[in-house]
Amino acid sequence: MKSDFHTFRGYQLLIQQQQALTPSMEDYLEMIYRNCVKEGHVRMNQLADQLNVRSSSVTKIVQKLAELDFLIYRPYGIIQLTEKGTTMGKFLLQRHNMLKDFLEKLGLRGTLLQDTEMLEHHVSLELLKTIGIFLLFLESQPAFLQAFTEFRQTLPKATPAIDLDN
């Protein structure tokens, strides 16, 4: 079974590939990966529905991703990932899930998906690895997370950590 770990060069290659992708393209590739893991492929209308966009938008992005060799697409057919697309899609989903898990552990609820989506496109690999290490620490030290959760509950709702009004 393959490890999720990459060498330094592997992470560099991921960054290089990622730099060719806009945040929107990353979202498409992540959603295509999610579908391909379950069904082996995805259809254009299915992708448009899941991303809440028009079919014409899906066509443009899918064509660009195909040009970059992330996927195989034939008009009016199914979309499948290439090996390169699978690797990047897996990374994008792991990044999403890691950030979501981190924000959940911090106690974020109301804007969890929105904040995850905003952060995932602008986080460095160094920060991502550090968050991963911190999440592993929390798993190994459940009392630490429990103490933090209890501390948060003792704070009055109106007590901001940062005064945003000034």
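## Aromatic rings

Phe144 has a relative accessible area of 42%, so Phe144 is partly exposed. The model in which this residue is described is a predicted one. Phe137 and Phe144 form an edge-to-face aromatic pair, at 5.2 Å centre to centre and with 70° between the planes. Phe137 is itself partly exposed, with a relative accessible area of 35%.

In total, the structure holds four aromatic pairs. In another of these, Phe134 and Phe144 have ring centres 6.3 Å apart and planes at 85°; as an angle over 60 degrees counts as edge-to-face, this pair is edge-to-face. Phe134 lies in helix α7 and Phe144 in helix α8 (residues 142-154), so this pair ties together parts that are 10 residues apart in sequence. Phe134 is partly exposed, at a relative accessible area of 31%. Ring pairs link Phe102, Phe134, Phe137 and Phe144 into a cluster.

A ring also takes part in a contact with a charge: the charged end of Lys84 sits over the ring of Phe70, 4.7 Å from its centre.

## Helix α7

Helix α7 covers residues 125-140, which is 16 residues. At 1.5 Å a residue α7 should span 22 Å, and the end C-alpha atoms of α7 are 23 Å apart, which agrees.

Which residues of α7 are buried? They are Leu125, Leu128, Ile131, Gly132, Leu135 and Leu138. These residues cover an arc of only 135° around the axis, which puts them on the same side of α7. An α-helix has 3.6 residues a turn, so residues three or four places apart point the same way. On the other side of α7, Glu126, Ile133 and Leu136 are exposed.

## Salt bridges

The count of salt bridges comes to three.

| Residue | Partner | N to O distance |
|---|---|---|
| Arg95 | Glu26 | 2.8 Å |
| Arg34 | Glu30 | 2.8 Å |
| Asp101 | Lys105 | 2.8 Å |

Arg95 and Glu26 meet through their side chains. Arg95 lies in helix α5 (residues 83-106) and Glu26 in helix α2 (residues 23-39), so the pair ties together parts that are 69 residues apart in sequence. Arg95 is buried, with a relative accessible area of 2%, and Glu26 is buried too, at 3%.

Arg34 and Glu30 both lie in helix α2, four residues apart, about one turn of the helix. Buried means under 20% relative accessible area. Glu30, at 4% relative accessibility, therefore counts as buried, whereas Arg34, at 28%, counts as partly exposed.

Asp101 and Lys105 are four residues apart in helix α5, which separates them by about one helical turn. Asp101 counts as partly exposed at 25% relative accessibility. Lys105 is partly exposed as well, with a relative accessible area of 25%.

## Leu81 in strand β3

Leu81 is found in strand β3 (residues 78-81). Is Leu81 buried or exposed? Leu81 is buried, with a relative accessible area of 15%.

What is Leu81 in contact with, leaving aside its neighbours within four places in sequence? The residues in contact with Leu81 are Leu29, Ile32, Tyr33, Cys36, Phe70, Leu71 and Thr86. Leu81 and Ala66 are 15 residues apart in sequence, and their C-alpha atoms are 9.0 Å apart in space.

Technical notes
Residues numbered from 1 in each chain as written. Predicted model: local features only at pLDDT ≥ 70, side-chain atom pairs only at ≥ 80, totals over all residues. Heavy atoms only, no water. Helix = DSSP H or I, 4+ residues; strand = E, 2+ residues; numbered from the N terminus. Expected span 1.5 Å × (residues − 1). Buried < 20%, exposed > 50% of the residue type's maximum accessible area, 1.4 Å probe, protein only. Arc of directions from axis to C-beta. Salt bridge = Lys/Arg side-chain N within 4 Å of Asp/Glu carboxyl O. Contact = heavy atoms within 4.5 Å. Phe/Tyr/Trp six-rings, centres within 6.5 Å; stacked < 30°, edge-to-face > 60°. Lys NZ or Arg CZ within 6 Å of the ring centre and 35° of its normal.
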